[in-house]
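User: I would like to go through this protein step by step. Please begin with the terms and then take my questions in turn.

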Amino acid sequence: MSLAAARNKTGDAAAARTLLDHVVVLYGSGLGEPNSHDPFNLPSVVLGTGYGRIKAGRHLAFNMRDYTPQANLLVSLMDKAGARIETLGDSTGLLKELSDL
């Protein structure tokens with residue numbers, strides 16, 4: 001991914017921005033344990049900053065005992081993209097840790 005990001009320039013030499021400065025890519029799984037449909041331990045990677053709306057270069061971990069639904073991540077990403085919705089699935093709100101700018 002880093003090699004692809006380094007090669008994908010927007011063409012604006014003055015700004016020298018990479019593709020990942022302008023987009024957000026979510027990569028992950030919706031099931032921690034597919035046989036039991038376990039919604040815990042869902043590793044997700046968020047790449048890009050979405051025009052600076054998301055702070056990059058961090059590792060965020062959420063305690064399983066507190067159960068932060070993955071839908072909170074989806075609602076937060078949609079909010080950062082300007083598509084504000086109240087809930088999605090079992091979401092309980094936005095992830096304030098996502099931007100933290």
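Analyst: Buried means under 20% relative accessible area, exposed means over 50%, and partly exposed is in between. The model is predicted.

User: What percentage of the 101 residues of the protein count as buried?

Analyst: A residue counts as buried when its relative accessible area is under 20%. The protein has 101 residues, and the share of them that count as buried is 19%.

User: In what order do the elements of the protein run from the N terminus on?

Analyst: The protein has two helices and two strands. Starting at the N terminus, their order is α-β-β-α.

User: Which strands are included in what covers the buried residues of H2?

Analyst: Helix H2 spans residues 70–80, and its buried residues are Ala71, Asn72, Leu73, Val75, Ser76, Leu77 and Asp79. The cover over these buried residues includes two strands, at 25–28 and 44–47. They are S1 and S2.

User: Which residues is leucine 98 in contact with, leaving aside its neighbours within four places in sequence?

Analyst: Contact means heavy atoms within 4.5 Å. With neighbours within four places in sequence left aside, the contacts of leucine 98 include Ile54, Leu73 and Leu77, which are also members of the largest nonpolar core.

User: Is aspartate 79, which meets arginine 84 in a salt bridge, buried or exposed?

Analyst: Side chains of opposite charge can pair when their charged atoms come close. Here the side chains of arginine 84 and aspartate 79 meet at 3.3 Å, N to O. Arginine 84 is exposed because its relative accessible area of 61% is over 50%. Aspartate 79 has 18% relative accessibility, which is under 20%, so aspartate 79 counts as buried.

User: How many salt bridges does the count come to?

Analyst: The cut-off for a salt bridge is 4 Å from nitrogen to oxygen. Besides the pair of arginine 84 and aspartate 79, lysine 96 and glutamate 97 meet at 3.9 Å, N to O. Lysine 96 is exposed at 65%, whereas glutamate 97 is partly exposed at 26%. The count of salt bridges is two.

User: Which element gives the most to the lining of the largest pocket?

Analyst: The largest pocket holds about 770 Å³ of space. S2 and H2 are the elements that give two or more residues to its lining. The lining has 28 residues, with Leu42, Ser44, Leu60, Phe62 and Leu73 nearest the centre of the pocket. With four residues, the element that gives the most is S2.

User: What separation do the C-alpha atoms of leucine 42 and glycine 30 have?

Analyst: Leucine 42 lies in the loop between S1 and S2, and is partly exposed at 21%. Leaving aside neighbours within four places in sequence, leucine 42 is in contact with Ser29, Gly30, Leu31, Gly32 and Gln70. Glycine 30 is twelve residues away from leucine 42 along the chain, and their C-alpha atoms are separated by 6.5 Å.

Notes
Residues numbered from 1 in each chain as written. Predicted model: local features only at pLDDT ≥ 70, side-chain atom pairs only at ≥ 80, totals over all residues. Heavy atoms only, no water. Buried < 20%, exposed > 50% of the residue type's maximum accessible area, 1.4 Å probe, protein only. Core = buried A, V, L, I, M, F, W, Y, C linked by side-chain atoms within 4.5 Å. 1 Å grid on protein atoms, 1.4 Å probe; cavity = no way out; pocket = protein on both sides within 12 Å on 5 of 7 lines; lining within 4 Å. Points joined across faces, edges and corners; volume = space filled by probe spheres on them.
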